[in-house]
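Please open the model in your viewer and keep the sequence beside it.

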Amino acid sequence: MPRTTPATLSRRMIVDTALQLMDTDGYAAFSMPKLGDVLGIRTPSLYHHFRDRAEIMAEVARRVVRETQLPERRSGDHWTEYFVELSTNFRATILRHRNAAPVLVQFLPRDIMTSLYETAAVLLNEVAELPKSQHVLIIDGLERLTIGSALVESSLESGAAPGSARSAFPNVDAERQPHLAEAVRSNERDAEQLFIASVRAFLAGATNGTPALRAP
């Protein structure tokens, strides 16, 4: 990474470098002095652009959320497909920066998220057969399901490769947990497929199974 000077330093450069450091070394190893060293500046120079470490972390979280690809509404797709794709894309974004997942949880950018959720609320408002009382359940529930799933997978031990079919329960013991072990052996879905199935099951429950979850 090229060295810089306080004159050429920018907020975006600081945030991008902080995220790169976390991706490479992990969140626990991140520090302001290390960030300054990589940028080729003294640590106090960072505070010309940010009030403190927390503000940098908040911008890192915003950077991750903004990286998420928003789905397009396609003709013929059931409305739930938008939420399946959005949740899958958001989870994938978090897992691309799995070392920064704790930052996202602590500094979840509610301003950006609320704007995205307004778009979701508009879509839900168009679903005449869906009671308005279920709108917050769907939006809030999918947020928790998506972030929770990404956090669990991002913290997997080395016993199971991330994304593998065994990653749901990598440490199951066939002698002590025979029924769970049998269920794991029977599972043919990988981690992403399990997540998508969970999202569909959640949406089915949130809509009481009606309307159907897929377009005919």
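A cavity here is a set of points, on a 1 Å grid over the protein atoms alone, where a 1.4 Å probe fits but cannot get out, and its lining residues have an atom within 4 Å of a point. The model is predicted, so that local features need pLDDT of at least 70 and side-chain atom pairs count only at pLDDT 80 or more, while totals for chains, interfaces and linings use all residues. Residues are numbered from 1 along each chain as its sequence is written, and side-chain values use heavy atoms, with hydrogens and water left out.

By this rule there are two cavities of 30 Å³ or more, where a volume is the space filled by probe spheres set on the points, which are joined across faces, edges and corners.

Select Leu86, Ser87, Phe90, Met113 and Tyr117 to begin: of the 16 residues lining the largest cavity, these lie nearest its centre. The volume of this largest cavity is about 200 Å³.

Next, colour helix 4 (79-96), helix 6 (110-125) and helix 7 (135-154), each of which supplies at least two residues of that lining; helices are DSSP runs (H or I, at least four residues), numbered from the N terminus. Helix 7 contributes the most to the lining of the largest cavity, with five residues.

Now move to the second largest cavity by selecting Leu70, Tyr82, Leu86, Leu116 and Thr119, which line it. Helix 4 and helix 6 are the elements that give two or more residues to this lining, and the space in the second largest cavity is about 30 Å³.

Conventions:
On a 1 Å grid over the protein atoms alone, a cavity is a set of points where a 1.4 Å probe fits but cannot get out, and a pocket is an open set with protein on both sides within 12 Å along at least five of seven lines; lining residues have an atom within 4 Å of a point.
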